[in-house]
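I opened a new notebook page for this structure. My entries follow in the order I looked things up.

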Amino acid sequence: MLYCNEWRGYDQNTLYTFFASTLSRRAGCTGYFMGRNLLGNIATMIFVNNVEVGYDRRAVAMPVSGQFLSGSLTAVIGANGAGKSTFLKTLAGLQQAVAGNITFTGGKRPRLAYLPQQAELDRGFPISVFDLVAMGCWPQSGLFGGINQQSATAVTQALETVGMTEMSHLPVGSLSGGQLQRTLFARLLVQQAPLIMLDEPFTGIDTQTTELLLKVIAQWHQEGKTVIAVLHDISMVARHFPHVLYLSAQQNLWGTAHDVLGHFPHQAHACISTEPFSLVAGVANS
């Protein structure tokens, strides 16, 4: 199913219109029941209903409506300034939506692991690679509690998965961009969260690291975790991400990668074009 949100209103089929309107009135168990019955016995984890994101009560993008299925792997794409990172932060609960509502199966946001852009990280903080990864154990051990042998083993295994075992003693500030991202993915592995959000995880990262971390994401997907990632590389999206949410100032597209990317004659338009887009013609208007 392809969801298309435009300023003129929802251009969606009757089934989804009914589903969204009912969802806005009922939450919790009712939302879970409807998710299973309307979506082919697959539960929905996150419902997004007419959500506008932005800052200081000013929206930076048009309203978004749709749903993330449990265990889905979704890429969020669009031109710079389309609100991709802002949308992700809003989903994660790091900021409030300007309008609309986000609801979760069970009535509350599930435990999540969130990876911000590297530019937002303080690399000068005096901490070793091992200790940074061990921070992923905080939900179990508490902020000031030490990690037990089971947690230490989990950290060691995570470091091995991302190829950082030999650098576990190094300070984080000495790492390259790719090494730091491997370390941060190891921390995500330790967190064992059912919901994972990644904000531009491959920006400025070497090819070898990118290929390794894509395997980690594929592993999460196979384990049934829900993964949402903001990305710019459309060829990567087409190869590795089954679902896509495209954001722009004119309309949003949400569905399978085949359906969404199929609207673009040149896939690069999905991320770099800021021109009005015609859903009928499937090309950027001149």
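Which residue in strand 13 is the bridge partner of L245? I found W254 there.

**Ground rules.** This is a predicted model, where local features need pLDDT of at least 70, side-chain atom pairs count only at pLDDT 80 or more, and totals for chains, interfaces and linings use all residues. Residues are numbered from 1 along each chain as its sequence is written, and side-chain values use heavy atoms, with hydrogens and water left out.

**Strand 12.** I stayed with strand 12, residues 243-247. Strands here are DSSP runs of E with at least two residues, helices are runs of H or I with at least four, and both are numbered from the N terminus. Two strands pair if DSSP finds at least two bridges between them. Strand 12 pairs with strand 13 (residues 251-256) over four bridges, in the antiparallel sense. A hairpin of three residues joins strand 12 to strand 13. I then checked strand 7 (residues 73-78): five bridges join strand 7 to strand 12, and the two run parallel. I77 stands opposite Y246 of strand 12. Is strand 12 mostly covered or mostly open? It is mostly covered, with four of its five residues buried. Buried means under 20% relative accessible area, exposed means over 50%, and partly exposed lies in between (1.4 Å probe, protein chains only).

Next I looked up an open sheet of three strands, with the order 6-3-8 and antiparallel pairing. Why is one side of strand 6 and of strand 8 left without a neighbour? Strand 6 (64-69) and strand 8 (99-104) stand at the edges and have a single partner strand each, so one side of each has no neighbour in the sheet. The twist averages 5 degrees from one strand to the next. For such angles, axes are lines fitted to C-alpha atoms (for helices over the stretch in contact), and angles run from 0 to 180 degrees between N-to-C directions. Strand 3 (residues 44-52) is joined to strand 8 by five bridges. One residue I noted is I46, whose bridge partner in strand 8 is F104.

**Helix 3.** I counted burial in helix 3, residues 84-92. Nine of its nine residues are buried, so helix 3 is largely enclosed by the rest of the structure. Among them are K84, K89 and F87. G93 follows helix 3 and has a positive phi, near 85 degrees.

**Aromatic pairs.** How many aromatic pairs does the structure hold? I found two. Rings of Phe, Tyr and Trp (its six-membered ring) pair if their centres lie within 6.5 Å; planes under 30 degrees apart count as stacked, over 60 as edge-to-face and the rest as tilted. F185 and W220 form a stacked pair, at 5.6 Å centre to centre and 15 degrees between the planes. F185 is in helix 7 (residues 177-191) and W220 in helix 8 (residues 207-222), 35 residues apart. F185 is buried at 0% relative accessible area. W220 also counts as buried, at 2%.

**Lining of the largest pocket.** Helix 7 came up again here. It supplies the largest share of this lining, four residues. Helix 5 (138-141) supplies at least two. The lining divides into eleven nonpolar, two polar and three charged residues. Ala, Val, Leu, Ile, Met, Phe, Trp, Tyr, Cys and Pro count as nonpolar, Asp, Glu, Lys and Arg as charged, and the others, Gly among them, as polar.
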